[in-house]
Every structure is written in structure tokens, then in C-alpha cells.
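Open the model in your viewer and keep the selection tool at hand.

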Amino acid sequence: CALSPTTPALRAMALSKWGMLMKKSGRSGEARSDVWPLVSFDMAWVTENWSQSGCDLWEEFTSDDFYWNRMAFVYSLNAAADFADSIGESAGSNYRSVANQIVESAKGHFNGNFIYECNGREKDGAVIHAIITFGEFLYPPTSSEAAKTIAAYNNAFCEEYPLNQQENGAGKPGILIGRYPGDSYAGGNPWQLLTAAHGEIFYLGASTWIKSVKEKGNYALTEEHKDWRELLYLDSDATILDLARASLAAGDSVMSRLWDHVKNDGGRIDEQIDKYTGAQASAQALTWSYA
């Protein structure tokens, strides 16, 4: 499995963002003549083929219904639509229409307990990555769906890695997560980049809730926040400011646990952390880990 159907979409997304920067810097003509043809070429493929079967984020598994892939299409189509609008092209409405169609198809990935990646690979760290990167278009980091997903994934990866069990038993806060339970690649360990993404969900949520406090003042949590209140062990009379502070602390706990396993390697961040010893493992200085 080596071909991902999201490649044209992500390429067009990056080009669209570059085109927007060109326009802002007074290079609208170049953006329209040099960048737009490349974006429209890729998006012509995406709008017709987004539902076809292809590889997952890890290039291991084949399906026509990966959550990460669906949301990558949605994000990319909206980026291309914004670029099209900015340079006076008419394709934006079609891109958004297709994006909305994909969003509808992805809603069923929340099964009531967590957001799943696909049938046969339900709990997958790619979902955590999708929440922080593409979540604005369906299930954002502040959503109840995200809270339930975090809870389910915390339990799964605690059971999966002896290192998590050991550190939990020692009273150390946080969690290390990896690609998916049952992973066997290079030992099937926690991944630095996914653990960092897990922490980022909490930071994004805290940022949103703090913004709400600044705009509306502090206020009591409602039924809307029930799953977050339970996840972060907040009292029934907790406020939105309490939620923001607890979410910030949760993000810090995840990142602190990650830091403990990378801090002694001179700034090098590898691909994985050995699930037994806690030492960095597999591909050294993996570029993706720094992102």
C-alpha cells in the first residue's frame, strides 16, 4: 500500500495557501497565472475521486472510508475555495459543495463512544491528528466527540504500553499514544508526534475556552461540556475558566511525559519511544516528529 488519494488534495491545499500569500504581497497576477492552474488541476481529480479506495496515513491499510482522509479532503477543498474566491475564480462554490458532501459522509465516524478511523482499524492516532488539524469542519478539539475520543484512546493506549502502566503507577501524569493498538511496526511503540498531537488537543481547547471567558466573562459549565467535565474530573459547579485551566494542565501533563523521554538526547526527536524502556527508538531525528 503506497498510494494515498489525499496527495493531490494536500498538494493543492499547500499551493492554495502559497497563492493566498502571493496575493497579499501584491502578486495577484502570478497567483492566478502560475498557481491557480496547478490547484484547479488537482482539485478536478479530488472532486471526482475523493470516495475511491486508497491507503491510510501509515501506508499500511486500504479502505475507501478513512476518517483522516475524508477530513483532509474537506480541509483542502475549503482552502482551495478560499484561494479561488480571492482571485476571482468561480470554482469555490463547487469545492465547498463537495466538501460539505464529504463532511456528511464523515459524521458517522463518531459511533457514540469515539471517532473511529475505519472499519478494521477503529482506534488510530490518525484520528487525533485529524481533530487538531482538520477539526474546525466537523468535530473540533472542544467538541464532546473529541472528549469521548480522548477518553477511549487514553484507555486503549494505557493498556497497550507497559511504559504507560508503569508511569501511571508511579503517579506521573500524562499519557503516551501511538498509531493503533496491535501495531507491530518497529516494535509497535508510542510515537512522539502523535503524543504531541494528543497534547495539542488540550491546548487548542484551552485557548478556545479562554477566548470565550474574555468575550463573555466566566460562566458555569452546561450540558454541552458534560463529557469534558467528566474527562478532566471537574466538579458539577465548575466554570468555563476551570475547564480552560484543567485542559491547559492536561496538555502540560502529556507534554511533560513526552519531554521526559526526549530531553536527554541533545534535542533529537526520533520516531518512537520504546514501550518497555522509555528510550527513543526507530527512525532517528524523524522530520515529522519536529512538526
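Select leucine 231, which lies in helix α9 (residues 226–231); helices are DSSP runs (H or I, at least four residues), numbered from the N terminus. The model is a predicted one, where local features need pLDDT of at least 70 and side-chain atom pairs count only at pLDDT 80 or more, while totals for chains, interfaces and linings use all residues. Residues are numbered from 1 along each chain as its sequence is written, and side-chain values use heavy atoms, with hydrogens and water left out.

Is leucine 231 buried or exposed? Leucine 231 counts as buried because its relative accessibility is 15% (buried is under 20% relative accessible area, exposed over 50%, partly exposed in between, with a 1.4 Å probe and protein chains only). Show its neighbours: leaving aside residues up to four places away in sequence, leucine 231 touches Ala147, Ile150, Ala151, Asn154 and Phe202 (contact means heavy atoms within 4.5 Å).

Next, select helix α6 (residues 144–160) and helix α7 (residues 162–169), whose axes come within 5 Å and cross at roughly 100°. Axes are lines fitted to C-alpha atoms, for helices over the stretch in contact, and angles run from 0 to 180 degrees between N-to-C directions. α6 and α7 are therefore roughly perpendicular to each other (65 to 115 degrees; under 35 is roughly parallel, over 145 roughly antiparallel, and the rest oblique). Phe157, Cys158, Glu159 and Glu160 in α6 meet Pro162, Asn164, Gln165 and Asn168 in α7.

Move on to helix α5 (residues 125–134) and helix α8 (residues 192–216), which pack at an angle of about 40° with their axes 9 Å apart. That angle makes α5 oblique to α8. To see the contact, select Gly125, Ile128, Ile131 and Ile132 in α5, which meet Leu194, Ala197, His198, Glu200, Ile201 and Leu204 in α8.

Methods: Helix = DSSP H or I, 4+ residues; strand = E, 2+ residues; numbered from the N terminus.
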